[in-house]
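I opened the model and kept notes as I went. Entries follow in the order of my checks.

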Amino acid sequence: MSMSNRCVLNDRNKPILFTMARLDRVKNLTGLVEWYGKNPKLRELVNLVVVGGDRRKESKDLEEKAEMKKMLELIEKYKLNGQFRWISSQMNRVRNGELYRYICDTKGAFVQPALYEAFGLTVVEAMTCGLPTFATCKGGPAEIIVHGKSGFNIDPYHGDQAAEILVDFFEKCKTDPSHWTNISKGGLKRIEEKYTWQIYSERLLTLTGMYGFWKHVSNLDRRESRRYLEMFYALKYRKLAESVPLAVEE
């Protein structure tokens, strides 16, 4: 079976479960594919679309190569053809923004399943588009999302449990479409309150102003600098100076 035939969606009426990241082990995209493959209820409720890596050529990166191999094995093992689409990484930022909005139109959700994520830019991007978001509880996304209100925290080390949280969400949405809307609005509200550039710049200016004020009214900064230089001299420079041979007069 060719690669293109492996990656089609038979039922276009289903909501789409979506993820987008580098094809690294830590991003755990293959982990998400396995959670999906193992859960019949989730497969019945939604299609899965993964954006990551470059399927058109063989990667020179050993880790990415291993993840690609694992992805292909999972497609075969769980017979995902018809329910799963794997798309190569998109370099066009505008197109990426449209991807989030397209998934929104299907009343789908975004999943960030990383084993660890320092901040979680894709989480903020998805929530900014009003896309209900499920993100790793390991790292920054745990602070971005308030579980059950503005999205959902999932544990990447307990994939079966994460899959059940997704099943629960989509089953509720099926019986009550307002559930999807409430989480979508909750995510948008959270971003507006905490993660806009306006808020970031105002905080940065406030911190800069506070630092400038304390530097002006105290000698704390100067005293610390002096102590640091004295320590540097005592530990490093003095020994170096002593090791320099004295000039010998002819």
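I noted the ground rules next. This is a predicted model, where local features need pLDDT of at least 70, side-chain atom pairs count only at pLDDT 80 or more, and totals for chains, interfaces and linings use all residues. Residues are numbered from 1 along each chain as its sequence is written, and side-chain values use heavy atoms, with hydrogens and water left out.

**Overall.** I boxed the C-alpha atoms along the principal axes and got roughly 90 × 45 × 35 Å. I found 11 helices and six strands. Helices (H or I, at least four residues) and strands (E, at least two) are DSSP runs, numbered from the N terminus. Buried residues make up 43% of the 250. Buried means under 20% relative accessible area, exposed over 50%, and partly exposed in between (1.4 Å probe, protein chains only).

**Strand S2.** I looked up residues 47-51 and found five of five buried. Asn-47, Val-49 and Val-51 point one way, while Leu-48 and Val-50 point the other. S2 runs parallel to S1 (residues 16-20), joined by five bridges. Two strands pair if DSSP finds at least two bridges between them. Met-20 stands opposite Val-51. S3 (residues 84-87) is also parallel to S2, with four bridges. There, Val-49 stands opposite Arg-85.

I then traced the connection. S2, helix H4 (residues 62-77) and S3 make a right-handed β-α-β unit. Right-handed means that, with the strands pointing away from the viewer, the path from the first strand over the helix to the second runs clockwise.

**Lys-27.** I placed Lys-27 in the loop between S1 and helix H2 (29-38). Buried or exposed? Lys-27 counts as buried, because its relative accessibility is 12%.

**Helix H11.** Leu-235 is found in H11 (residues 220-243). Leu-235 counts as exposed because its relative accessibility is 52%. Leu-235 belongs to a nonpolar surface patch with Tyr-228, Leu-229, Met-231, Phe-232, Tyr-233 and Tyr-237, about 780 Å² of accessible area together. Patch residues have over 30% relative accessible area and no salt bridge; like charges are joined within 9 Å, nonpolar side chains (Val, Leu, Ile, Met, Phe, Trp, Tyr) within 5 Å. A salt bridge is a side-chain nitrogen of Lys or Arg within 4 Å of a carboxyl oxygen of Asp or Glu. Areas come from the Shrake-Rupley method with a 1.4 Å probe; for residues, only the protein chains shown count as cover.
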